[in-house]
Amino acid sequence: MSRHLGFHNLPYMAHRKSMKKGFRFTLMVVGESGLGKSTLIQSLFGNSIATSSAASHSIQPTTTIETVTADIEPFDDPRGVKMKLTVVDTPGFGESIDSSNCWQPIVDFINQKYDQYYEDESGFNRPNIEDNRVHCCLYFINPSCHQLKPLDIKCMQELHKLVNVVPVIAKADTLTDIEKKKLKTRLLNEINENGIQIYTGQIEEEEDSPEIFEIMNAIPMAVVGSTEYHRLAGEKVRGRSYPWGLVQVENKDHCDFLLLKSMLINTHMQDLKDCTQDIHYENFRKKKLKQEHSDLQQFIGVTSGGGAGGGDAMLLAKEREIEEMKRQMAMLQAQLQRGGAGNPRVM
Ligand SMILES: Nc1nc2c(ncn2[C@@H]2O[C@H](COP(=O)(O)OP(=O)(O)O)[C@@H](O)[C@H]2O)c(=O)[nH]1
Ligand SMILES: [Mg+2]
């Protein structure tokens, strides 16, 4: 496996079979509402993938899970394979007063994609199987809290078992350099203390490069997004303009946006897919097989009136049924002996 896996280099590495199938990648954004999720999607992929709320300059709050898929051409390589990129924008947390279980629709969405894949994999559709599983979940953290909120902890604890979670610090232009550094350390500690296993990748040591080291070291990446372009030294740049200056989204000195973009569509794209398959989908598949096995055992228990698994419960129920019948027979006999039982009442 080459170290520069990913969209840009895929055409040279993907073998013919996967090229024929096309390369699919699904990115999901999750977090509190108003943290710039929709804006970041637009900053990453432009209008070709902008979800409806991010498609215009006036970004509206996202109220349902929105899925947008686009064929993306390789940057500058006409021979390159097209990629189908899907972005899943989710409604922000915190819009309703009761936010307990607000992650459930997201968890359901991810599981539903695994279910679909599982069905296709075990059915006739196997040769044409489409990989619509969620390969990466960007989890947005509020920069003004200086720590994780209990809801973030709970939510990431639910998600990390299912999907590659990559935490990002939102609106990094609101933090000074020192604050950013402190927050990164604090968040990593909290993530650790709460048993949250964020994405670390499976890229082998020998494939490691300074670029990969820089990217992994920057997590949780501090990002800035914008839907606006500004002129800077004759060039059009994406940024946020303030009275004191311009925050440039695509400037490594201003934020980690470029590192995140590079990670997602170049260095780690294939690895995110591999981890989805090898870790998360494998977990899902094991659970599914266990469930199917126990369903089958229960079914065998029911149809044979006992036996393996579920059989003990069945036997107990049958014994109770027989006891009840005996009781009713005894009552019937007593009534007959008393002689008045023209129409005995059965309990
Ligand atoms: N300061 C700052 N504001 C941002 C940034 N990204 C988005 N915003 C603003 O935050 C607001 C909410 O953005 P939106 O993308 O709708 O957030 P979402 O609810 O998480 O999808 C908008 O007014 C954006 O212009 C950022 O990086 N920095
Ligand atoms: Mg949104």
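## Basis of the model

This is a predicted model, in which local features need pLDDT of at least 70 and side-chain atom pairs count only at pLDDT 80 or more, while totals for chains, interfaces and linings use all residues. Residues are numbered from 1 along each chain as its sequence is written, chains are lettered from A and ligands numbered from 1 in the order in which they are written, and side-chain values use heavy atoms, with hydrogens and water left out.

## The chain as a whole

The secondary structure comes to 10 helices and 9 strands, where helices (H or I, at least four residues) and strands (E, at least two) are DSSP runs numbered from the N terminus. Of the 347 residues in the chain, 44% are buried; buried means under 20% relative accessible area, exposed over 50%, and partly exposed in between, with a 1.4 Å probe and protein chains only.

Among contacts in the chain with a separation of 6 or more, 69% are between residues 24 or more positions apart, a contact being heavy atoms within 4.5 Å.

## Helix α6

Helix α6 covers residues 177-193, and its 17 residues should span 24 Å at 1.5 Å a residue, which agrees with the 25 Å between its end C-alpha atoms; the expected span is 1.5 Å times one less than the number of residues. Its buried residues are Lys180, Leu183, Lys184, Leu187, Glu190 and Ile191. They cover an arc of only 140 degrees around the axis, which puts them on the same side of α6, the arc being that of the directions from the helix axis to the C-beta atoms.

Ile178, Lys181, Lys182, Asn192 and Glu193 are exposed on the other side of α6. The cover over the buried residues of α6 includes β4 (136-141), α5 (150-159), β5 (165-169) and β6 (221-222). Just after α6, Gly195 takes a positive phi of about 65 degrees.

## Lys273 in helix α9

Lys273, found in helix α9 (residues 269-303), is buried, with a relative accessible area of 13%. A polar atom of the Lys273 side chain lies 2.4 Å from the backbone oxygen of Arg24. Leaving aside neighbours within four places in sequence, Lys273 is in contact with Phe23, Arg24, Phe25, Asp131 and His135.

## Cysteines

The structure holds 0 disulfides, a disulfide being a pair of cysteine sulfur atoms within 2.5 Å. Cys102 is in no disulfide, and the nearest cysteine sulfur, that of Cys155, is 6.0 Å away. Cys155 is buried, with a relative accessible area of 0%.

Key. A polar contact is a pair of N or O atoms within 3.5 Å; within protein, one must be able to donate a hydrogen and the other to accept it, and residues adjacent in sequence count only if both atoms are side-chain atoms.
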